[in-house]
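Biologist: I have the sequence and the coordinates open. Can we go through them together?

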Amino acid sequence: EIRFKNDNGEDFGEWDEKSLDEITEVVGGGTPSTSNQEYWDGEIVWLTPSEINRKYISKSKRTISIEGVNNSSAKILPKGTVLFTSRATIGEVAIAQNEVTTNQGFQSFIVKTDILNEFLYYWLIFNKNLFLERASGSTFLEVSKNSIKLITISLPPFLEQQKIAEFLTAIDERIDHTTAQLTHTKQWKRGLLQQM
């Protein structure tokens, strides 16, 4: 078991068991009517699960208007919201870099003061099976908002959450750097082979 220490070399406090409903506001999404063009091509980012493929996200393929938000179950989510796909493909996660909306394939988390969104991001990735176990559906799998709210999380003190998130972020950055180097080396090899 790995535990982080504070800047004075002392242990942080005990971890608490909390439900996701206690530490976040769980918010679903929606899709405006596609037959009404006034609802589309506006200024508001509107995400679908297929677009969740990186840690931070700020743009979408399609956008909606404020009329589209007002006339559907789509909701404007604040910057920092942890986006979580809950339908068909369950468990893809990203952090919104600006205000966004999503379709109904999401149950997203607006964090409260006692949890860091970056910590929750990593926790969701590592605990994907908790959500898959609660999924149901005949056409496609979906995990409901009510099921998600009841899932419990072991929550460290806020400063320890920051240390954990920083540590995992540094590993991700190293992976990204190594992946970029590998891609560059493969391109270099391909160039050499073409010249032979």
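Biologist: Which residues form a nonpolar patch on the surface?

Modeller: Bear in mind that this is a predicted model. The patch consists of Trp188, Leu192, Leu193 and Met196, and together they have about 510 Å² of accessible area.

Biologist: Where is Leu193 placed?

Modeller: Leu193 belongs to helix 6, which covers residues 158–195.

Biologist: Now the strands. Is strand 7 largely enclosed or open?

Modeller: Strand 7 is residues 89–96, and six of those eight residues are buried, so the rest of the structure largely encloses it.

Biologist: And which way do strand 6 and strand 7 run?

Modeller: They run antiparallel, with five bridges joining strand 7 to strand 6, residues 82–87. Arg87 has Thr89 as its bridge partner in strand 7, and Ser86 has Ile90.

Biologist: What sits between strand 6 and strand 7?

Modeller: One residue. The two strands form a hairpin, and Ala88 in the turn has a positive phi of about 60°.

Biologist: In what sense do strand 4 and strand 7 pair?

Modeller: Parallel. Strand 4, residues 56–57, pairs with strand 7 over two bridges. Tyr56 is the residue standing opposite Ile95 of strand 7.

Biologist: Remind me what holds paired strands together in general.

Modeller: Strands of a sheet pair through backbone hydrogen bonds, and the pairing is either parallel or antiparallel.

Biologist: How does strand 3 pair with strand 5?

Modeller: Strand 3, residues 40–47, runs antiparallel to strand 5, residues 62–64, and four bridges join them. Ile44 has Ile64 as its bridge partner in strand 5, while Trp46 stands opposite Arg62.

Biologist: And strand 3 with strand 8?

Modeller: Those two run parallel, and two bridges join strand 3 to strand 8, residues 101–102.

Biologist: Changing topic to aromatics. How many aromatic pairs are there?

Modeller: The count comes to six aromatic pairs. Trp40 and Trp46 make one of them, an edge-to-face pair with 5.0 Å centre to centre and 90° between the planes.

Biologist: Are Trp40 and Trp46 buried or exposed?

Modeller: Both are buried.

Biologist: What sits over the ring of Trp40?

Modeller: The charged end of Arg62, 4.0 Å from the ring centre. Arg62 is also the strand 5 residue opposite Trp46.

Biologist: Why is the pair of Trp123 and Phe131 edge-to-face?

Modeller: Their planes are at 80°, and over 60 degrees counts as edge-to-face. The ring centres are 6.4 Å apart, and the cut-off for a pair is within 6.5 Å.

Biologist: Are Trp123 and Phe131 buried or exposed?

Modeller: Buried, both of them.

Biologist: Which residues do ring pairs link into a cluster?

Modeller: Phe84, Phe109, Trp123 and Phe131 are linked that way.

Methods. Residues numbered from 1 in each chain as written. Predicted model: local features only at pLDDT ≥ 70, side-chain atom pairs only at ≥ 80, totals over all residues. Heavy atoms only, no water. Buried < 20%, exposed > 50% of the residue type's maximum accessible area, 1.4 Å probe, protein only. Pairing = 2+ DSSP bridges. Patch = residues over 30% accessible without salt bridge, like charges linked within 9 Å, V, L, I, M, F, W, Y side chains within 5 Å. Areas by Shrake-Rupley, 256 points an atom, 1.4 Å probe, with all protein chains shown as cover. Salt bridge = Lys/Arg side-chain N within 4 Å of Asp/Glu carboxyl O. Phe/Tyr/Trp six-rings, centres within 6.5 Å; stacked < 30°, edge-to-face > 60°. Lys NZ or Arg CZ within 6 Å of the ring centre and 35° of its normal.
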